[in-house]
Amino acid sequence: MPKISDEHRAARQAQILDAAWRCFYRQGVQATTMEQIMAESGLSASAMYRYFAGKDDIIVAAIGSSLSRLGQLLEPILEAPQQRSVPALLQQVTAAIQSFSERPGFNLCRIALHGWSEAQRNERLRGLMRDFYAAFRDRLADRVRRWQAEGALDAGAPPQDVAQTLLSLIVGFVVQSAIVHDADPAAHERGLLALCAPPPA
């Protein structure tokens, strides 16, 4: 059998994962079968199993690659030196998630809900997602510390407390996008500005 080049392998894996995303969007992660992914990808069983041992491997690879790309997309936002507003950060992060999630034929926000559910039974997926969210929360805490050093945020606020709150707002945006379908990054910025504003005299 001829050796498969790295480029060919990557292209086939991307083809399979893209087919899996479309199936997950229509059927849900758990309900999707390998047969459905094969039919969607146009590949034979022998070709499919050359790249992935089974559906669990596809699930972990699909969600893992998506989280990795999302993390790379959000990193410059968290590191931007001119980033001085908590509401502005929330708007930029949620806008980036919204843009990243909208794909031809499916939306990753809706699939995220299936992924969170699947992680309750799939230990590999739970570990992968736990590590991603914990690392992202730590990056938020680093951003909080820089705000505090700049005098833009109360120096007495525990950074991890603020980071937990920000992560909850970001995850809540994903939930509203998936279920209510009207989550708006600009509205999140305005809402947080209103919540943080001092009460009228």
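Visitor: What volume does the largest cavity have?

Guide: In this predicted model, the count comes to 1 cavity of 30 Å³ or more. The volume of the largest cavity is about 340 Å³.

Visitor: Which residues lie closest to the centre of the largest cavity?

Guide: The lining of the largest cavity is made up of 23 residues. Helix 4, helix 5, helix 6, helix 7 and helix 8 (159-179) each give two or more residues to this lining. Closest to the centre are Leu67, Leu70, Leu108, Ala112 and Tyr133.

Visitor: Which helix gives the most to the lining of the largest cavity?

Guide: By class, the lining residues divide into 20 nonpolar and 3 polar, with no charged residue. The greatest contribution, 6 residues, comes from helix 6.

Visitor: Which elements cover the buried residues of helix 4?

Guide: Helix 4 has a set of buried residues that includes Ile59, Ile63, Leu67, Leu70 and Leu74. Residues three or four places apart in an α-helix point the same way, because there are 3.6 residues a turn. The cover over the buried residues of helix 4 includes helix 1 (6-27), helix 2 (34-41), helix 3 (45-51), helix 5 (86-101), helix 6 (108-118) and helix 7 (123-150).

Terms used. Residues are numbered from 1 along each chain as its sequence is written. This is a predicted model: local features need pLDDT of at least 70, side-chain atom pairs count only at pLDDT 80 or more; totals for chains, interfaces and linings use all residues. Side-chain values use heavy atoms; hydrogens and water are left out. Buried means under 20% relative accessible area, exposed over 50%, partly exposed in between (1.4 Å probe, protein chains only). Helices (H or I, at least four residues) and strands (E, at least two) are DSSP runs, numbered from the N terminus. Contact means heavy atoms within 4.5 Å. On a 1 Å grid over the protein atoms alone, a cavity is a set of points where a 1.4 Å probe fits but cannot get out, and a pocket is an open set with protein on both sides within 12 Å along at least five of seven lines; lining residues have an atom within 4 Å of a point. Grid points are joined across faces, edges and corners, and a volume is the space filled by probe spheres set on the points. Ala, Val, Leu, Ile, Met, Phe, Trp, Tyr, Cys and Pro count as nonpolar, Asp, Glu, Lys and Arg as charged, and the others, Gly among them, as polar.
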